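Trainee: I have the sequence and the structure open. Can we walk through them together, one question at a time?

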Amino acid sequence: MQYIDNCITLINSSFPQSFFQPNQLSTGQQGELLFLQNLKLKVDTLAFSVYEALHFTIITGDYINFNVAKTKLLELQQAVGSVGPVVEQGLLTAAGNLGQTLYNERLSHSFSYSFSGIINDSITLFRHLIQQIESELTNPELTSLFRTHQLDGGRESAVAQVTVALIGIEFETKVHYERLKLNLRIAAIDHKLIVAREPLSELLQIKEALGLPQATDPSYLLLLRDKCNFLLYKILKRLEEDDQRYFYTHDLQDKEVKKENLSINFYSSFKQLTDSHYQENERPNLVQKQRFQNFEPLFRNNALNLFSGFHTLIKYKKDFHPDLNKLDEVTKKFDLLVEQTIANQTHTHLFDSRASLISQNYAHNNCFSLCLQTCDIDSIKSRLKAIEELQDTTEVHNYFPFFYYASFLENKIKEAIPLAESKQDLNKIHQTIRLLGETLKKCFISYEWCKDRTLLAFQLPFNECIKPIIVQGTTINIFLSSSFILPLNYNTILLERDRLEREYLRLQTLYEVKQEIVQEKNEIKKQKEDLQNFINSHDRKQVEILSIFAAFVFFTAGSIKVFEKAVLFSEVVLFMLATAYSLGLFVILIWLITRNYSIPITWVHFVLIGCFLVFTLFLISYLMHVPWIHGIITFFDFTRQS
């Protein structure tokens, strides 16, 4: 807080007793007028120094040391409030009652309203900005509704203002006050940068209020114009995706908003990073390659300690050379850096801790996005569960993983519905649709959470949000909370989310239609099979009946002729066995042809086939003149003769 400390020291030494010359005050109206002119010049110079200190405290980011900043601002308020009493005491000591009368009539209201009152209002606004940022970093789970504050200047009576206008001295503080309000608004927008018409319109109004560059402009004013232009540039760069053109009217003149018309000098180092990182191309550009080549050796040697370096590696290994294993390796090392950053109790610890947790979620979300392209469904579900646990732990409820998982499920359902043919297929689709609905609910909740807090996708710690620059011969560090990161276009995200919602409803309808179609197809198929079975069974029975009838006729006719001509009974037996064997073959062939293979074979079938095999063995043995077979036949023949 060097700027405020120097300012307090300057205030305390501005009015030594030598400033109040008794001879000058006692020379009448002319001497009094000369004293008042010198006093006004002194106070105006002092007011400029106070506001310059406040401006640079904002521009350099010294206020991120919240506790020290609030303490120093209170000390500055006390120092500013002491100027009036110091002047009063100096006049009283130098000119007695005459000096006291001069102060009461000409200076009392001037100091309380035109100097300390307005400066106190300015410091109060600054303190409110710090309180807002600090509370949002401390309580990320809470949603801010509104903030109210009471300015000291608002309590001044109309009499005091009229008195200053008529007989008092109006110090040059109002212009500084208005400029400081612009600076505070720029800082507030920077901390909650979002692509929307409201911040775009407000930044354009601030740009016009800051005016055109002048040769006499103080250095902080040059930086404010540049900072305002760069924030406009980042919003407009995102809006290029919408293919819309914007204009505004100022002093009865229409002006088109183009990022090419914005002059950016002091914040050009941020702009160069933005331009190189956010080029939409399939291959890395020269700057991206150079940054990767600079950071990769440091990463391999475990010496990379920059969030921006890991940001480059993550983008490189996800978009340009996708490799999930290498991306996981980068993320694991980045987790270690996050832990170290949170453990370091620096003066910017609160800001750095929150930035670390936001960036940690960014890294894991990119791994999940690449996993959706290469992993199986079980790995995807496992990673999503891990991300949900990380979100609960870090209190960063980013919509990104749910948004892309919903898109992944949508594509899976679209592919599965045309191919579904069975009840099992439909059940799988139904489960996926139900999972899509649950994911969309989480997507909606996390989207609203991110939008309410204007979450940036990636956040750098404090030491990477500052850049050294030279302005009017002096080197200072400029601070930009959003750094080179582009804000998110939540309107575009909302449109895509609504599209997913509509697609979800459409897929539900398609599933129901497909379910009815599959049910009807299965019913038709079943009826077809039943009809075919009936026809096959009917034909088979007809064939079997005709076959049995033909076999019976053949056997009867053959037997009659044999009995007429046979001499020996053994000849009759042999013929009957041969005929039965032939008929058996015929029956087996008919059975094999007309058999219903849906009916299993039982023991009856085995018995019949066994008998047939015995007959076959008997005939073969007879033809081979096996003795015991001829003995049996002779026995039957002898029995018949006897």
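What follows is a run of questions and answers on this structure.

Trainee: What kind of model is this, and how many helices and strands does the protein chain have?

Mentor: The model is predicted. Its protein chain has 22 helices and 4 strands.

Trainee: What share of the residues of the protein chain counts as buried?

Mentor: Buried means under 20% relative accessible area. The chain has 642 residues, and the share of them that counts as buried is 45%.

Trainee: Which residues does Phe115 touch, leaving aside its neighbours within four places in sequence?

Mentor: Leaving aside neighbours within four places in sequence, Phe115 is in contact with Val43, Leu46, Ala47, Val80, Val83, Ser110, Phe171 and Thr173.

Trainee: How are α1 and α4 oriented to each other?

Mentor: α1 covers residues 2-12 and α4 covers residues 66-81. Their axes are 10 Å apart, at an angle of about 15°. Angles under 35 degrees count as roughly parallel. The two helices α1 and α4 are therefore roughly parallel.

Trainee: How many nonpolar, polar and charged residues does the contact of α1 with α4 have?

Mentor: On the α1 side are Ile4, Asp5, Cys7, Ile8, Ile11 and Asn12. They meet Lys72, Leu73, Glu75, Leu76, Ala79 and Val80 in α4. By class, the contact has 8 nonpolar, 1 polar and 3 charged residues.

Trainee: And α1 with α3: are they parallel or antiparallel?

Mentor: α3 spans residues 29-59, and its axis is 8 Å from that of α1. The packing angle is about 165°. Angles over 145 degrees count as roughly antiparallel. That makes α1 and α3 roughly antiparallel.

Trainee: How many charged residues are in the contact of α1 with α3?

Mentor: α1 passes α3 in a left-handed crossing. Tyr3, Ile4, Cys7, Leu10 and Ile11 of α1 meet Leu46, Ser49, Val50, Ala53, Phe56 and Thr57 of α3. The residues divide into 9 nonpolar and 2 polar, with no charged.

Trainee: Which residues make the contact of α6 with α15, and what is the handedness of the crossing?

Mentor: The crossing of α6 and α15 is left-handed. The contact is made by Glu134, Leu137 and Thr138 of α6 and by Leu350, Phe351 and Arg354 of α15.

Trainee: Lys42 is next. Which residues is Lys42 in contact with, leaving aside its neighbours within four places in sequence?

Mentor: Lys42 is found in helix α3. It is partly exposed, at 34% relative accessible area. Its C-alpha atom is 8.0 Å from that of Ser14, 28 residues apart along the chain. Beyond neighbours within four places, Lys42 is in contact with Ser14, Phe15 and Phe19.

Trainee: Is Ser483 buried or exposed?

Mentor: Ser483 is in the loop between β4 and α19. Its phi is positive, about 55°, although Ser483 is not a glycine. Most residues other than glycine have a negative phi. With a relative accessible area of 1%, Ser483 is buried.

Trainee: What is the relative accessible area of Glu395?

Mentor: Glu395 has a positive phi as well, near 60°. Its place is the loop between α16 and α17. Glu395 is partly exposed, and its relative accessible area is 32%.

Trainee: Last one: what separates the C-alpha atoms of Asn427 and Gln515?

Mentor: Asn427 lies in helix α18, residues 423-452. It counts as partly exposed, at 38% relative accessibility. Asn427 and Gln515 are 88 residues apart along the chain, and their C-alpha atoms are separated by 9.6 Å.

Terms used:
Residues are numbered from 1 along each chain as its sequence is written. This is a predicted model: local features need pLDDT of at least 70, side-chain atom pairs count only at pLDDT 80 or more; totals for chains, interfaces and linings use all residues. Side-chain values use heavy atoms; hydrogens and water are left out. Contact means heavy atoms within 4.5 Å. Axes are lines fitted to C-alpha atoms, for helices over the stretch in contact, and angles run from 0 to 180 degrees between N-to-C directions. Angles under 35 degrees count as roughly parallel, over 145 as roughly antiparallel, 65 to 115 as roughly perpendicular and the rest as oblique. Ala, Val, Leu, Ile, Met, Phe, Trp, Tyr, Cys and Pro count as nonpolar, Asp, Glu, Lys and Arg as charged, and the others, Gly among them, as polar. Buried means under 20% relative accessible area, exposed over 50%, partly exposed in between (1.4 Å probe, protein chains only). A crossing is left-handed if the near helix is turned anticlockwise from the far one by less than a right angle, and right-handed if clockwise.
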